[in-house]
Amino acid sequence: MTHRVLIADEIKNLVEPAQLADLDITWLPVSEPTPKGDWVAIVPLLTRWVGGTELKHLPNLRIVANVAVGYNNVDVVAAEMRGVMVTNTPDVLTDATADLTWALILATARRLVEGIDLVRSGKWTGWHPEQLLGMELRGRVLGLFGAGRIGQAVGRRAPPFGLRVLYAARTPKLEFERETGARRVDMSQLLAESDIVSLHVPSTPETKGIINGEALARMKRGAILINTSRGDLVREEALAKALERGHLGAAGLDVYTDEPTIHPRLRAAPRTVLLPHIGSATEETRRKMAAIAVSNVQAVLSGKPPLTPVYS
Ligand code: NAP
């Protein structure tokens, strides 16, 4: 029996054709709205909102297999009430996203973008002892807000750079503490004591806008903010102001509140490294993400439990 499924057109080249056996696929580009019809599964990108209206328009839906670990683009409560499974793609993207977080830490601390711009402009006049002085990492404090899979992977990369690790999380992570010497603190201590604050909590009603003007003011003068989690954790205009005033030393961002739009003041702010949401963007990881999403669909459609449900 073939099942009618909607799959994001953008992952077409990443899925193994053998995985698509028995599926009657409608490839759905991001530019098109979610259609109404009798599809039993949808494999959306994180840019597609799947809420009450979409669920109503897809009355036979059995699974939303998101191609991301974050699932703030899905109304999970509405899906659960309708008996629709929701799955995500954890683990496979942890290392890629942690590596990119480190790329941002190093790029902001050592002023890579300003250096590249200087060389490219042809205005570089040669080695100078006070040129583009950055932050020495050894002896500094890395503060992780959120210490799940990615937060911990970022923290595990810190000791070789000589950074001490603090983290704020709802539950203690004892194994992580043993491995890295990390110490659990509350949010206000994290902000006040860290030289680099890196965000790794999901976007939820509790975390949205948590890095606002007040939180930024509590950060150390010259500290660096890194965000590879979700853009709406940060109030972009407040961040731009903190950078303009020189209160923050730098910001390294991969994600934004209203992608692909970036608050114009933030786009123009000094000392930023702004990436286009490429945390998980390695060939291997993107293939694995696509494979897990489709495996979740295949499992649910054959009456088995999904591999990576977001609720049980
Ligand atoms: P995870 O393993 O679920 O970790 C999230 C952590 O956040 C958990 O440890 C959780 O704490 C903590 N948390 C949740 N709400 C909190 C709160 N209100 N206060 C303090 N801590 C809170 O998820 P992950 O795999 O590490 O992914 C994290 C996020 O990264 C995803 O949600 C996604 O948005 C983002 N992401 C972005 C990219 C990218 O391309 N830039 C790629 C992958 C993921 P407890 O353990 O105590 O419950």
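A patch is built from residues with over 30% relative accessible area and no salt bridge, and nonpolar side chains are joined within 5 Å. The model used throughout is a predicted one.

**Exercise 1. The nonpolar patch**

Task: State which residues make the nonpolar surface patch of about 220 Å², and check Leu112 against the accessibility cut-off.

Solution: 
- Step 1. The patch consists of Leu112, Val113 and Ile116.
- Step 2. Leu112 belongs to helix α4, which covers residues 112-121.
- Step 3. The relative accessibility of Leu112 is 43%, so Leu112 counts as partly exposed.

**Exercise 2. The ligand shell**

Task: Describe the surroundings of the ligand by residue count, residue class and polar contacts.

Solution: 
- Step 1. The ligand is surrounded by 25 residues. The closest are Ile150, Arg170, Thr171, Lys173 and Asp254.
- Step 2. By class, the shell holds 9 nonpolar, 11 polar and 5 charged residues.
- Step 3. For the polar contacts, the cut-off is 3.5 Å between N or O atoms. Thr171 brings a polar side-chain atom to 2.7 Å from a ligand oxygen. Arg149 uses a backbone N or O atom, at 2.9 Å from an oxygen atom of the ligand. At Thr228 a polar backbone atom is 2.9 Å from a nitrogen atom of the ligand.
- Step 4. On its own the ligand has 940 Å² of accessible area, and the protein covers 86% of that.

**Exercise 3. Salt bridges across the sequence**

Task: How many salt bridges are counted, and what do the pairs Arg4 with Asp24 and Arg156 with Glu179 connect?

Solution: 
- Step 1. The cut-off is 4 Å from a side-chain nitrogen of Lys or Arg to a carboxyl oxygen of Asp or Glu. The count comes to 16 salt bridges.
- Step 2. Arg4 and Asp24 meet with an N to O distance of 4.0 Å. Arg4 sits in strand β1 (residues 3-8) and Asp24 in strand β2 (residues 23-28), so this pair links distant parts of the chain, 20 residues apart.
- Step 3. Both partners are partly exposed: Arg4 has a relative accessible area of 30%, and Asp24 one of 35%.
- Step 4. Arg156 and Glu179 have their closest N and O atoms 2.9 Å apart. Because Arg156 lies in helix α5 (residues 149-156) and Glu179 in helix α6 (residues 174-180), the pair ties together parts 23 residues apart in sequence.
- Step 5. Arg156 is partly exposed at 37% relative accessibility, and Glu179 is partly exposed at 43%.

**Exercise 4. Arg111**

Task: Is Arg111 buried or exposed, and what can be said of its backbone and its charged partner?

Solution: 
- Step 1. Arg111 has a relative accessible area of 15%. Buried means under 20%, so Arg111 is buried.
- Step 2. Arg111 is placed in the loop between α3 (94-109) and α4.
- Step 3. The phi of Arg111 is positive, about 55°, although this residue is not a glycine.
- Step 4. Arg111 forms a salt bridge with Glu114, with the closest N and O atoms 2.8 Å apart. Glu114 counts as partly exposed, at 28% relative accessibility.

**Exercise 5. Backbone exceptions**

Task: What backbone features mark Asp22 and the bond from Glu259 to Pro260?

Solution: 
- Step 1. Start from the general rule: most residues other than glycine have a negative phi, and most peptide bonds are trans.
- Step 2. Asp22 is not a glycine, yet has a positive phi of about 70°. Asp22 is in the loop between β1 and β2. Its relative accessibility of 52% makes Asp22 exposed.
- Step 3. The peptide bond from Glu259 to Pro260 is cis, with omega near 5°. Pro260 is in the loop between β11 (248-253) and α10 (264-268).

**Exercise 6. A contact between separated residues**

Task: Compare the sequence and space separations of Leu144 and Tyr167.

Solution: 
- Step 1. In sequence, Leu144 and Tyr167 are 23 residues apart.
- Step 2. In space, their C-alpha atoms are 4.5 Å apart.
- Step 3. Leu144 lies in strand β6 (residues 141-145). With 0% relative accessibility, Leu144 counts as buried.

Terms used: Residues numbered from 1 in each chain as written. Predicted model: local features only at pLDDT ≥ 70, side-chain atom pairs only at ≥ 80, totals over all residues. Heavy atoms only, no water. Near = heavy atom within 4 Å. Polar contact = N/O pair within 3.5 Å; in protein donor to acceptor, adjacent residues only side chain to side chain. Areas by Shrake-Rupley, 256 points an atom, 1.4 Å probe, with all protein chains shown as cover. Nonpolar A, V, L, I, M, F, W, Y, C, P; charged D, E, K, R; others polar. Patch = residues over 30% accessible without salt bridge, like charges linked within 9 Å, V, L, I, M, F, W, Y side chains within 5 Å. Helix = DSSP H or I, 4+ residues; strand = E, 2+ residues; numbered from the N terminus. Buried < 20%, exposed > 50% of the residue type's maximum accessible area, 1.4 Å probe, protein only.
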